[in-house]
Amino acid sequence: LAIGCYVAAKVLKEFDKPIHAALGEITSGHSLKHLVAAAGAWIVLRMLQTRRTVPTPADRTQPVAPTQ
């Protein structure tokens, strides 16, 4: 999904002027590129925030220390 945002941002950059004309000069492809790139960065950030470690067999054999 993040790679798709990157590709979309590149396309928006490439077609900046036609997008600007097609949208009635309200916004340009360059502005939309920044929004799509930010969405891609947010996707990566959320992935890093929610990732979990995968326990290995060695982790399962370690005794758990009691908490006080």
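**Exercise 1. Decide whether S28 is buried or exposed.**

Solution. S28 has 16% relative accessibility, so S28 counts as buried. Buried means under 20% relative accessible area, exposed over 50%, and partly exposed in between (1.4 Å probe, protein chains only). This is a predicted model: local features need pLDDT of at least 70, side-chain atom pairs count only at pLDDT 80 or more, and totals for chains, interfaces and linings use all residues. Residues are numbered from 1 along each chain as its sequence is written, and side-chain values use heavy atoms, with hydrogens and water left out.

Helices are DSSP runs (H or I, at least four residues), numbered from the N terminus.

Last, list its contacts (heavy atoms within 4.5 Å). Leaving out residues up to four places away in sequence, S28 touches D16, I19 and H20.

**Exercise 2. Classify A21 as buried or exposed.**

Solution. A21 belongs to helix α2. Its relative accessibility is 56%, so A21 counts as exposed.

**Exercise 3. Find which residues of α3 are buried, and where they point.**

Solution. The buried residues are G29, K33 and G40. Seen down the axis of α3, they fall within an arc of 45 degrees (directions from the helix axis to the C-beta atoms), so they line one face of the helix. They pack against α1 (2–14) and α2. The face turned away from this buried side carries the exposed residues L35 and W42.

Definitions and conventions: Helices (H or I, at least four residues) and strands (E, at least two) are DSSP runs, numbered from the N terminus.
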